[in-house]
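Student: I have a structure open on my screen and I'd like to learn how to read it. Could you take me through it feature by feature?

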Amino acid sequence: MIYQVYPRSFADGNGDGIGDLAGIRSRLSHLSALGVDAIWFSPWYPSPMADAGYDVADHRDIDPVFGTLAEAEALIAEAHALGIRIIVDVVPNHCSDAHPWFQAALAGGPDAPERELFWFRPGRGPNGDQRPTDWVGEFGGETWTRTVNPDGTPGDWYLHLFTAEQPDFNWDHPRVRAEFEDILRFWFDRGVDGIRIDSAGLLVKDGTLPEALADRPHPFHDLDGVHEIYRAWRRIADSYPGERALIGEVWLPDQERFAHYLRPDELHSAFNFDFLGCAWDATALRHCVDETLAAHAPVGAPATWVLSNHDVTRHVTRYGRADTTFSFASKREGVPTDLELGTLRARAAALLTLALPGAVYVYQGEELGLWEVEDIPPALRQDPMWERSGHGRDGCRVPLPWAGDAPPFGFSPDGATRTPWLPQPAEWKDRTVRAQTDDPHSMLELYRAAIGVRRSEADLGDGTLRWLPAPDGVLAFARGPAFACLVNLGTTPVPLPRHEARLLASAPLDDDLLPPDTAVWLRTRKRPADPGAAPAC
Ligand code: TEU
Ligand code: CA
């Protein structure tokens, strides 16, 4: 199980209201007690924070708001001592506009050699005042910004698939390739076990800059040339002792093209966003699990299972809505949410994902049952997506509640000078780590127990899955000869098999019935392949 830490929001060690490395180091015991195998850190590098650190000014250092490189090295060593591996986020598609290369490209004017490292182009029209293309950005909105020449005249435009503060690198340039290969070595040399590759499918652009039209290949999504980059990265990873993993953030609806990233000489794994976007519906989820496993089997890569991350509405909230799917367009304020129902389903989803073969990703706070904070006052919003697309990602980035009855809930130390960088809901007093610890009904104890079983059961983790007969609306599958998971996604209770031992349930079970929106793990006594032993539900 890989746990995603969003450094701004995990724990604040120095009391300035922003999470930092000192805070993370002081809370490593939480992650150790949870049973995590690895931690993935969202970016911690020097950055003007125009996109919360995904605008990197220097990939080889730590932003002072988070701490120092020496602290990062200490953190890596402390995690390793606890048996926890470390994954860092590398952002190769773009950098910050404060990056020295981009600053040199601007300062040097039209002939600056650094311009070749980005996508500078003259504008269209007689005065060059129209954008070079009409490409729509990944956050919505324009993808080109016009520069001003050093002499004050209007200059060329530069490409940015995200905000204007995130200029895109030109991956056709050997210096860009060499730079990132060196950045990989920099972190592998410091003992890092894996790299999460941000926006991994966007790096290569069609240099003829065609418009994005439905009847022709897309100018920057998933171009074939991107695979050559990752083959070179894989050679670097493989040159280090121990396994150094490359994990791609690849948003691709086509499972076959997705699997191309997972060939044996490319990435070790990539996030499965189909599962995250799937409705809370047995047919849809089964289909998604089957498609995912079918895409991964031929390449031999582990499947990944993600329910939430720092970019999407937290799944307690998604599952509490009438429309349980996720799409960026549906992320709107004011959609009614039943948090009790969402929590019930999130508990069942925890047992579902932790029973699947492959790698499970847990986003910080998911183990506490945190929901999306949808009422952050507009004046306190931080995410640049708000102004570009009318929705934002702040609600899943609210600082974690650790202990106590009122904000900051132990996120910052006593005597902190600032309040947390995003406001925490008062209702989170019941969701703190301390409040949930030793409460057998809490989300935290459910996660701890489930992860404990997953780590101790040889049949869980890697391996295959076998579907078992089940009524409509119920997912039932076996892992190995003696373990089964049942999830009732329907609206009526279903009978549970009588003779199987119950290892764990997501909600109280009585009368041998599995209620709606509930999951159970069973120790099957006979081989489930034997029809007589299949759970009779
Ligand atoms: O996200 C890439 C990505 O695909 C986004 O465009 C996604 O569509 C968006 O976040 C909508 O919620 C990665 C990071 O995960 C994200 O936090 C960054 O903002 C983005 O790259 C730019 O680096
Ligand atoms: Ca701090």
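Student: Let me start with a pair of strands: in which sense do E5 and strand E6 (residues 154–159) pair, and over how many bridges?

Tutor: First, some housekeeping. This is a predicted model, where local features need pLDDT of at least 70, side-chain atom pairs count only at pLDDT 80 or more, and totals for chains, interfaces and linings use all residues. Residues are numbered from 1 along each chain as its sequence is written, while chains are lettered from A and ligands numbered from 1 in the order in which they are written. Now the general idea: strands of a sheet pair through backbone hydrogen bonds, either parallel or antiparallel. Here, E5 and E6 pair in the antiparallel sense over four bridges. Strands (E, at least two residues) and helices (H or I, at least four) are DSSP runs, numbered from the N terminus, and two strands pair if DSSP finds at least two bridges between them.

Student: Which residue of E6 does Arg146 stand opposite?

Tutor: Arg146 faces Trp157 in E6, and Thr145 stands opposite Tyr158.

Student: What is the strand order in the open sheet that has E6 in it?

Tutor: The order is E4-E6-E5, with antiparallel pairing. E4 and E5 stand at the edges with a single partner strand each, so one side of each has no neighbour in the sheet. E4 pairs with E6 over two bridges, and Arg121 stands opposite Trp157.

Student: How do I read a strand such as E7 (residues 194–197): which of its residues are buried?

Tutor: In a regular strand the side chains alternate between the two faces of the sheet. In E7, Gly194 and Arg196 lie on one side, Ile195 and Ile197 on the other, and all are buried. Buried is a matter of counting: 20 or more other C-beta atoms within 10 Å of a residue's own make it buried, 12 or fewer make it exposed, and in between it is partly exposed, with C-beta atoms placed from the backbone. E7 runs parallel to strand E3 (residues 85–90), joined by four bridges, and Val88 stands opposite Ile195. E7 also pairs in the parallel sense with strand E8 (residues 245–248), over four bridges; there Ile195 stands opposite Leu246.

Student: On to helices. Which residues of helix H5 (residues 100–107) are buried?

Tutor: An α-helix has 3.6 residues a turn, so residues three or four places apart point the same way. The buried ones in H5 are Phe102, Ala105 and Leu106. Seen down the axis, they fall within an arc of 95 degrees, so they line one face of the helix; the arc is that of the directions from the helix axis to the C-beta atoms. The face turned away from the buried side carries the exposed residues Pro100 and Ala107. Strand E4 (120–121) and strand E5 (144–148) are among what covers the buried residues.

Student: And the loops: where is Phe169 found, and what does it touch?

Tutor: Phe169 is in the loop between E6 and helix H6 (174–189). It is buried, because 25 other C-beta atoms lie within 10 Å. Leaving out residues up to four places away in sequence, Phe169 touches residues including Pro92, Leu117 and Val176; contact means C-beta atoms, placed from the backbone, within 7 Å.

Student: What about backbone angles: which peptide bond is cis, the one from Pro407 to Pro408 included?

Tutor: Most residues other than glycine have a negative phi, and most peptide bonds are trans. The bond from Pro407 to Pro408 is cis, with omega near 5 degrees. Phe409 has a positive phi, near 50 degrees, and counts as buried with 24 C-beta neighbours inside 10 Å. Asp511 also has a positive phi, of about 55 degrees; with 8 C-beta neighbours inside 10 Å, Asp511 counts as exposed.

Student: Last one: how many residues surround ligand 1?

Tutor: There are 13, and the closest are Tyr54, Glu138, Phe162, Ser199 and Asp311. A residue is near a molecule if its C-beta atom, placed from the backbone, lies within 6 Å of it.

Terms used:
Two residues are in contact if their C-beta atoms, placed from the backbone, lie within 7 Å.
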